[in-house]
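Subject: Structure handover

Hello,

Here is the structure for you to look over. My notes on it follow below.

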Amino acid sequence: MGLMDGKVALIFGVANKNSIAWGITRRLHEEGATIGLSYAGEIMEKRVFPLAQEINCDFVEPCDVTSDEQLDALFAKAKERFGKIDTLVHCVAFANREDLGGRFVDISREGFKMALDISAYSLVAMAKRAAPLMTDGGSIMSLTYYAAEKVMPKYHVMAVAKAALETITRYLANDLGPQGIRVNAISAGPIKTLAAAGVPGFRLMLKYSEKAAPLRRLVSQEEVGDTALYLASNLSRSVTGEVIHVDAGFNILGLTATEDELGGLVE
Ligand code: NAD
């Protein structure tokens with residue numbers, strides 16, 4: 001008996017085997033979920049199809065989340081194939097490289113609109129289409145980062161997008177709760193992925209988080225997958241509107257310098 005037996009999960013954002021969405025997919029699949037995957041475009045197709053085969057998933061559909069038409073088509077296909085869905089996983093983000101790094105004040109209007117559209121509004125657009133298919137109630141989740149709460153170097157426009165995503169989580173939770181649909185977000189610590197490679201100074205963030213986090217280690221896609229399983233399953237049936245940190249405790253820190261680094265400052 002798996003925690004996801006009889007449940008259908010539609011997952012956006014698998015780009016390759018390092019994707020957080022893939023860690024989540026594997027975990028939900030292991031617990032018996034029927035999986036539908038959606039990916040961004042032709043370049044991703046080559047990587048995503050072989051992964052889908054590994055879990056015998058034959059619902060693998062392209063969808064650019066900036067297109068209402070493509071979203072309509074994707075959810076129509078999901079309805080036709082599965083009849084209903086129980087879990088929606090949003091692991092999608094994008095920003096122009098020039099709007100990450102540099103000075104925050106230099107973010108362009110176009111770059112701001114695009115990052116917010118792809119990385120935050122898309123959750124609203126997906127939830128609107130998923131809700132009518134969640135006939136037995138459901139669980140919607142997305143991936144966020146601590147830069148939404150506190151200033152992190154160079155994260156800039158994506159920090160604003162994540163702040164929007166977290167607020168959207170609460171408003172959707174309130175809107176869809178009466179239908180038995182729960183909406184939560186996972187705030188993951190830094191993990192080496194394609195999207196993360198676009199953040200300037202990411203390697204330093206990895207090293208620093210590993211050194212400073214209370215658990216003194218990084219987190220993995222599989223560990224995020226475990227929390228996603230909790231959120232997708234009945235175990236979290238009374239949990240909605242939450243942002244759950246899976247970051248080895250990094251978010252509880254005030255002064256984040258390590259003892260070694262502080263040593264030189266104190267007489
Ligand atoms: P990833 O590159 O594997 O995933 C990002 C996905 O977004 C890709 O599959 C990409 O194709 C998709 N995407 C981008 N533009 C799209 C569009 N217009 N339409 C459809 N899909 C589009 O990287 P990841 O790190 O696994 O990212 C997944 C989520 O996790 C993102 O929301 C990211 O911000 C978040 N996150 C990542 C980290 C980290 O350190 N890697 C930490 C916290 C949160």
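The buried residues of helix α8 are covered by elements that include α1, β4, β5, β6 (181-188) and β7 (243-246). Contact here means heavy atoms within 4.5 Å. Buried means under 20% relative accessible area, exposed means over 50%, and partly exposed lies in between (1.4 Å probe, protein chains only). Helices (H or I, at least four residues) and strands (E, at least two) are DSSP runs, numbered from the N terminus.

This is a predicted model, in which local features need pLDDT of at least 70 and side-chain atom pairs count only at pLDDT 80 or more, while totals for chains, interfaces and linings use all residues. Residues are numbered from 1 along each chain as its sequence is written, and side-chain values use heavy atoms, with hydrogens and water left out.

Back to α8. The helix runs over residues 221-232 and has twelve residues. From its first C-alpha to its last it reaches 16 Å, close to the 16 Å expected at 1.5 Å a residue. That expected span is 1.5 Å times one less than the number of residues. The buried residues in α8 are Gln-221, Val-224, Gly-225, Thr-227, Ala-228, Leu-229, Leu-231 and Ala-232.

Next, the charged pairs. Side chains of opposite charge can pair when their charged atoms come close. A salt bridge is counted when a side-chain nitrogen of Lys or Arg is within 4 Å of a carboxyl oxygen of Asp or Glu. The structure holds twelve of these salt bridges.

One network of salt bridges links Arg-27, Glu-30, Glu-31 and Asp-226. Within it, the side chains of Arg-27 and Glu-30 meet at 2.8 Å, N to O. Both residues belong to helix α1 (residues 20-30). They are three residues apart there, so about one helical turn separates them. An α-helix has 3.6 residues a turn, so residues three or four places apart point the same way. Glu-30 is exposed, at 54% relative accessibility.

Lys-84 forms a salt bridge with Asp-86, with the closest N and O atoms 3.0 Å apart. Asp-86 is also buried, at 6%. Lys-84 forms a salt bridge with Asp-136 as well, at 3.6 Å between the closest N and O atoms. This pair links distant parts of the chain, 52 residues apart. Lys-84 sits in the loop between α3 (68-82) and β4 (87-90), and Asp-136 in the loop between α4 (109-130) and β5 (138-144). Asp-136 is exposed, at 60% relative accessibility.

Now the cysteines. The cut-off used is a pair of cysteine sulfur atoms within 2.5 Å. For Cys-63, the nearest cysteine sulfur is that of Cys-91, 14 Å away. Cys-63 is buried, at 3% relative accessible area. Cys-91 counts as buried at 15%.

Last, two backbone angles. Asn-56 is not a glycine, yet has a positive phi of about 55 degrees. This residue lies in the loop between α2 (42-54) and β3 (60-62). Asn-56 is exposed, with a relative accessible area of 69%. His-156 is not a glycine either, and has a positive phi of about 35 degrees. His-156 is placed in helix α5 (residues 156-176). At 12% relative accessibility, His-156 is buried.

Best wishes
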